[in-house]
Amino acid sequence: MNAEIVQPLTMFKSPTFWLTGFAAIFLLCSCDPPIDDHRAQANTATNLRVISLAPSLTQAIFSLGAVNQLVGRTDYCEYPPCVQELPSVGRLDLPNYEAILNLEPDWVIVSSLTAPAVVERLRSLGLCVDRFTETGLEGIIEVLQALGHRLGRIEAAEKCIDEFKSTLKYYRRQIPEAALHDLPRVALIYDLEALYSAGAGTFPDDLIQIAGGYNIASEAAASWPQLNLEALLHANPEVIFVTFDGSEMQGMHLRRRILSLQKDPIWSQINAIRSGRIHLIFEDYLSVPGIRSLEALQTLSAAINLL
């Protein structure tokens, strides 16, 4: 059994990198567009006071070199470490409205994890709010474009996008074309007990495809399905990735758990378990969509293609 923590790619070691996606040009003078219609605004400003209610958007702002414009975050926004010095406004799904008002933001940005009702409540308080709902790797590019325009960081956004596309192109070139049924079957599992995974249209699904694998959860009806043992046995993946928080303690616990699965009469029927092709991978890369997610490609590609 292999356990790998993806090391950062060289191109992403600069603080001018990071994000999570969306699109377009904003109008600073209009603060009540329809929900999700953040393409309606057009002014740019490098002095906007911004509160981010999503880890992905917080990381995106950092990747554009605009972290100095952040004045607030959620409890879940922990990367980059410097943002932990900023005041938190609570949960991303139910923020503290008073705390947000006290920070006097010019702009509040949220993801699809924040319900439309929360967005409407924030707008009713006179706040300018935009909700980003783009998905997949293309969504990451769209967010870069959108935030770059709104925050006056167009050149930084273009550089991020160029690097992003170049990395995807590099990995695509490493994989020979093959029919879908000939690709190695891959299972991505976020919790070995609950068996959560990522389905079609999500950015982890895109990454698995680019790395040369077939994501067994892409057949599920939900974008973020909960699998069961029967489904795993039926799909019989050749490679399994299990996410973890990067800590030595959790890594040791999962290694012991995997060893026990190899001795289990049911689990051991799965090809990946029987052959030991089960890998640990850093959870943040596959739970927070952004440029940082590309760092998972190194492990995904090597493990799927036995490099």
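Which helices each supply at least two residues of the lining of the largest pocket? They are α1 (55-63), α4 (136-150) and α10 (283-287). Helices here are DSSP runs of H or I with at least four residues, strands are E runs of at least two, and both are numbered from the N terminus.

Before going on, note that this is a predicted model: local features need pLDDT of at least 70, side-chain atom pairs count only at pLDDT 80 or more, and totals for chains, interfaces and linings use all residues. Residues are numbered from 1 along each chain as its sequence is written, and side-chain values use heavy atoms, leaving out hydrogens and water.

Back to the pocket: its volume is about 780 Å³. Among its 33 lining residues, Leu-113, Phe-203, Ser-287, Val-288 and Pro-289 come closest to the centre. By class, the lining has 16 nonpolar, 14 polar and three charged residues.

Now for the sheet. It is open, with four parallel strands in the order β8-β7-β9-β10. Because β8 (214-215) and β10 (278-282) sit at the edges with a single partner strand each, one side of each has no neighbour in the sheet. Strands count as paired if DSSP finds at least two bridges between them. Here's how β7 (residues 185-189) links up:

| Pair | Bridges | Facing residues |
|---|---|---|
| β7 and β9 | four bridges | Ile-189 and Val-242 |
| β7 and β8 | two bridges | Arg-185 and Tyr-214 |

Four of the five residues in β7 are buried, meaning under 20% relative accessible area (1.4 Å probe, protein chains only).

Technical notes. 1 Å grid on protein atoms, 1.4 Å probe; cavity = no way out; pocket = protein on both sides within 12 Å on 5 of 7 lines; lining within 4 Å. Points joined across faces, edges and corners; volume = space filled by probe spheres on them. Nonpolar A, V, L, I, M, F, W, Y, C, P; charged D, E, K, R; others polar. Buried < 20%, exposed > 50% of the residue type's maximum accessible area, 1.4 Å probe, protein only.
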